[in-house]
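Here are my notes on the two-chain model you sent over.

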Amino acid sequence: MELRELIRDWKQVKEQWTVSGCEEQPVVSLSPEHLTVEVAEGGAAHLVILCHEPRTSELKLHLAEGASLTVNLLFTAEAFLSLEADQEAHSSLKMTSVELGSANARLTINLRGRDAESEVNGVFLTGGEEHAELMIRTNHLAADCRSRSIARGVAGGKSVGRFEGMVYVAQDAQRTDAEQQNRNLLLSQKARIETMPQLEIYADDVKCSHGATVGQMDQEAVYYMRQRGMDEQQARRLQIVGFVGDLVMHCNEDALCDAVLKLMEQKLETM
Amino acid sequence: MLKVKDLHASVDGKEILCGINLEVKAGEVHAIMGPNGSGKSTLASVLAGNEKFTVTQGEVEFEGRNLLESSIEERARMGLFLGFQYPVEIPGVTMANFMKIAVNEQRKFRGEEPLTAAEFLKLMREKAKVVELDAKLTSRAVNEGFSGGEKKKNEIFQMAMLDPKLAILDETDSGLDIDALRIVATGVTKLHTEENATVVITHYQRLLDYIVPDYVHVLYKGRIIYTGDKSLALKLEKEGYDWLINDYKE
């Protein structure tokens, strides 16, 4: 199903959304300028944000104790989004961000209470002369929190993709478990990837990992796929979808995952 | 089905195949043996259309068509299957998805309708049995995290799915334990009919206990220097290649 069709009947939120219990259905927000989301103690919700207009969005999320929130960000226009999430103890945030073309996503997560966890999966696909940026900053401000930020980028044509990751661990944030990973695929000689995976650690009992790679298409895999009957374009596209696809599949709702994958495939045809 | 005439091929300017002649007819099984570096895998790659190699001379006819003018995927769609010596891992692409696209591409080429999801699942379940492939593997990424044995079983599973006219199996037996070898070889035998043909490239006679060849060819320095029947493989196992190579030098 097309994304637009899928979200047509969903509840829309504009400036303010307060969740007190468990919201079963996902809600959607279309290119919001300012949006504040408050998930009360023990509450659970799913928010989809579609940036389909060239606009600046500012989001503030607050997860109270034990709250959980899933956020899916999708950029289909040249939008600038800055998001800041504050998480209290035992809360859980799961986020995906998919940039299909020029866009800028700046995501900051503050783990303020003990035993909070966050997982951010970010993807950008750029072609032509596009320029995408993804920043994920996780601030571990309390002990026993876990975070995972995984970003994958694919750049073709003369495009530029940029990832900036930061895991900050404050002095009191003992027993932090943080993982930061960025992998990229360059499709052409003139495309460019910039990556800055960073750690800043002031506590002494922590487990933190970070890494970044930039690679090219696996020609052996393309050959293998062609030997089974796919043409070169198909083989390349399948490989790219395989490279970023599993991150997109983290978005909780199957129909939504499929719709986003379909948009990604359409995007790849233009790259 | 396949006619190879005076085939020469090189990589980075170095000639690896120096005049191969080979004819494979429907219903036949051919084994290609030979010492390391004799050009066995190169022959398989050149027939599959691997762009790393340059054909400098010769002709290859497959099902009445000029094979050398066809792209890798056209050859595959015409019914040429290569079982890889080192099957490639494709992260993030599930076996099921990969096979579905491959099967439907080949059907499209033959002017057939694509399989529905239900038909495809049924086919996949049926064919997984040929090589006792764990059905769970089909939901995993192509070859990713597969054991050596599973990778080779997976090659034969793909062969079963695609039902090729000509299957070239490049050292499908290497790296297999006795049980996996039996399963893989029995699978290949099950798939053999009077309408298709198989070329197995191997170092070891033991594979040929299961897949009984009509012809055994010895490849040496890019040429087929000797052709015999299945008894040749036994003799090679016992005596090695020296007697042939010495004959050839003289």
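1. Ground rules. This is a predicted model: local features need pLDDT of at least 70, side-chain atom pairs count only at pLDDT 80 or more, and totals for chains, interfaces and linings use all residues. Residues are numbered from 1 along each chain as its sequence is written, with chains lettered from A and ligands numbered from 1 in the order in which they are written. Helices (H or I, at least four residues) and strands (E, at least two) are DSSP runs, numbered from the N terminus.

2. The sheet of chain A. Nine strands make an open sheet in the order β1-β3-β5-β7-β9-β11-β13-β15-β17 (chain A), and the pairing is parallel. Strands pair here if DSSP finds at least two bridges between them. β1 and β17 (206-216) of chain A are the edge strands, each pairing on one side only.

3. Pairings within that sheet. Strand β1 (residues 11-12) of chain A is joined to strand β3 (residues 27-30) of chain A by two bridges, and Gln12(A) has Val28(A) as its bridge partner. β3(A) then pairs with strand β5 (residues 44-51) of chain A over four bridges, again in the parallel sense; there Val27(A) is opposite Leu47(A). Between β5(A) and strand β7 (residues 68-75) of chain A there are eight bridges, and Val48(A) is partnered with Asn72(A).

4. Helices on the sheet. α3(A) lies across β9 (92-100), β11 (117-126), β13 (146-155) and β15 (176-186) of chain A, at about 150° to β13(A). α4(A) also packs on the sheet, where it touches β5, β7, β9 and β11 of chain A and makes about 25° with the direction of β9(A). Angles run from 0 to 180 degrees between N-to-C directions, and axes are lines fitted to C-alpha atoms, for helices over the stretch in contact.

5. Helix α2 (residues 219-227) of chain A is mostly covered, with seven of its nine residues buried. Buried is 20 or more other C-beta atoms within 10 Å of a residue's own, exposed is 12 or fewer, and partly exposed is in between, with C-beta atoms placed from the backbone. Among the buried ones are Tyr223(A), Tyr224(A) and Arg226(A). They pack against α3 (232-248) of chain A and, across in chain B, against α1 (40-48), α2, β6 (80-83) and β7. After α2(A) comes Gly229(A), with a positive phi near 115°.

6. The contact between chains. 19 residues of chain B are in contact with 17 residues of chain A, contact being C-beta atoms, placed from the backbone, within 7 Å. α2 (72-78), β7 (90-94), α3 (95-109) and α5 (148-162) of chain B each give two or more residues to this side. The chain B side has twelve nonpolar, four polar and three charged residues.

7. Chain B overall. Chain B has eight helices and twelve strands. Its radius of gyration is 18 Å, close to the 18 Å that the globule rule gives for 250 residues, so chain B is as compact as a globular protein of that length. The radius is taken over C-alpha atoms, and the rule is 2.2 Å times the number of residues to the power 0.38. Of the 250 residues, 44% count as buried.

8. The four-stranded sheet of chain B. This open sheet has the order β2-β1-β4-β5 (chain B) with antiparallel pairing. Strand β1 (residues 2-11) of chain B is joined to strand β4 (residues 54-62) of chain B by seven bridges, and Ala9(B) is partnered with Val55(B). α1(B) lies across β1, β2 and β4 of chain B, at about 75° to β2(B).

9. One loop residue. Glu132(B) sits in the loop between α4 (117-130) and β8 (141-142) of chain B. Glu132(B) counts as partly exposed because it has 15 C-beta neighbours inside 10 Å. Glu132(B) and Ile183(B) are 51 residues apart in sequence, yet 7.3 Å apart in space, C-alpha to C-alpha.

Conventions. Two residues are in contact if their C-beta atoms, placed from the backbone, lie within 7 Å. Ala, Val, Leu, Ile, Met, Phe, Trp, Tyr, Cys and Pro count as nonpolar, Asp, Glu, Lys and Arg as charged, and the others, Gly among them, as polar.
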